[in-house]
Amino acid sequence: MNTRDFIKATAIGAVAAPHFLKRLDRLIEGIEHRAPEDVATDEDFWAEIRRGYRLKPDYINLENGYYCIMPKETLENYIDHLREVNYQGSWYMRTNQKANKESMANRLANFIGADHGEVIITRNTTESLDTVIGGLHWEAGDEAVMAEQDYFAMRQMFTLVEKRYGVVNKIVSVPNHPKSDQEIVDIYALAITSKTRLLMICHMINITGHILPVRKICDMAHNKGVDVMVDGAHAVAHIDFNIKDLDCDYYGTSLHKWLSVPLGSGMLYIKRDKIKTLWPMFGDFCCDEDVIRRLNHTGTHPVHTDLAIGNALDFHQRIGPKRKEERLRYLQRYWSDQVRDLPGIIMNTPKEKHRSCGIANVGIEGIPPRDLADRLLKVYRIWTVGIDGHGVHGCRITPNIYTTTDELDVFVGALRELAAG
Ligand SMILES: Cc1ncc(COP(=O)(O)O)c(C=O)c1O
């Protein structure tokens, strides 16, 4: 029985009646002939998408960077998977669980343009990237390069290997407003020495939304014999890309962020020839050293979450990766272009369109970021997060595809008032 038949046999994978998806199909038919940049500005279309979500009315949610809630359709499917796994009990675990998980990993591989056997499902970005950092054969004096703007959890994992093996961590700083790609490439290049083993870079810096020139950094590092690990927590299902075009060696992400998989779902990509270079986090002698599955010993875990990846992909792919990217970029530019040049406003995200998408960061002179977030919430009912460090002082603003321009008008009005004092 092949994987597809397995999923059918368990009745898992085609559960809740896809009411919204059918409506979505009809909706998409009506706009399919239009360019994504054009659809990005169509408030009627996105209002229909918004109807697919249950949104808390107490505040305007501009803090989708932490994680993205599921649309109702995915949530219902997820609950059905939970119900079905509970119904089938250990029969499911002993028969179809592994094949279903592999089938979901293969769908993810297709989605990002990887080969089957290069992708595993993890719990999140932290687990994905720490599997690489902790799994390399480090020797005392080996060097790793990363940026102060990188996520703290990975930085702490590098501190762990520093304490354990004597690895030397070199920290660079990425400017919020680079003059060119080359400026960023050079910052990383200057930190590389003959002892450098690994470079960690963000695909999209979480505190500013800055998209880095990943391919150019990878080409530079590879020319110097250094591998590159990409933190893609915010890029997958946010911007449309193919992993082979990046040519990185390792790539980790959290699927509960922009793909809107239930919480506790992530993905790790490892370029085929690098798989054998890693020690697994947990002992597993299932297979040859070039088989990625030996790095994916999870023990018993919420397997219904794995199944919801398929539903989240169905939803995302219907909307269309490029359409979603363009809508998110449009929303960010909708508010940021209105305030960028106002006195007292400090934009911490690059101005050029290709260097950012849905996420941006804005500060106001004289207002500490935490106070700004506080006032936005208390006075204007706008939920954001204050960021104060690593050269970034402001609130991170992350709309999602259900955000309306009316909501952003409230935000722009708030910024104008607060900046005017
Ligand atoms: C850039 C970046 N990397 C890694 C992570 C960690 O993600 P998780 O907690 O899902 O592992 C985050 C979380 O926000 C992030 O923004």
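I started with H7 and found it mostly covered, with 12 of its 16 residues buried. A reminder to myself: this is a predicted model.

**H7, continued.** Next I checked the length of the helix. H7 runs over residues 97-112, and at 1.5 Å a residue its 16 residues should span 22 Å; I got 23 Å between the end C-alpha atoms, which agrees. Then I looked just past the end of H7, where Gly113 has a positive phi of about 85°.

**Positive phi elsewhere.** Which residues other than glycine did I note with a positive phi? Asp247 is one of them, at about 60°, and Ser260 is another, with phi near 60°. I keep the background in mind: most residues other than glycine have a negative phi. I placed Asp247 in the loop between helix H12 (243-246) and strand S7 (250-254). Ser260 sits in the loop between S7 and strand S8 (266-270).

Are these two buried or exposed? Asp247 has a relative accessible area of 24%, so I put it down as partly exposed. Ser260 has 5% relative accessibility, so it goes down as buried, the cut-off being under 20%.

**Gln182.** I found Gln182 in helix H10 (residues 181-191). Its relative accessibility is 44%, so Gln182 counts as partly exposed.

**Stepping back to the whole chain.** I counted 16 helices and 13 strands in the protein. How does the radius of gyration compare with that of a compact globule? For 421 residues such a globule would come near 22 Å, and the protein has 22 Å, which agrees. Along its principal axes the C-alpha trace spans about 65 × 55 × 40 Å.

I noted that 56% of the 421 residues count as buried. For contacts with a separation of 6 or more, 72% come from residues 24 or more positions apart.

**Surface and charge.** The protein exposes about 18500 Å², and I see that carbon and sulfur atoms supply 51% of it. My last entry is the charge count: 52 positive and 57 negative side chains, with the centres of the two sets 2 Å apart.

How values were computed. Residues are numbered from 1 along each chain as its sequence is written. This is a predicted model: local features need pLDDT of at least 70, side-chain atom pairs count only at pLDDT 80 or more; totals for chains, interfaces and linings use all residues. Side-chain values use heavy atoms; hydrogens and water are left out. Helices (H or I, at least four residues) and strands (E, at least two) are DSSP runs, numbered from the N terminus. The radius of gyration is taken over C-alpha atoms; the globule rule is 2.2 Å times the number of residues to the power 0.38. Buried means under 20% relative accessible area, exposed over 50%, partly exposed in between (1.4 Å probe, protein chains only). Contact means heavy atoms within 4.5 Å. Accessible areas come from the Shrake-Rupley method with a 1.4 Å probe; for residues, only the protein chains shown count as cover. Lys and Arg count as positive and Asp and Glu as negative; His and the chain ends are not counted. The place of a charge is taken as NZ of Lys, CZ of Arg, CG of Asp or CD of Glu. The expected span of a helix is 1.5 Å times one less than its number of residues.
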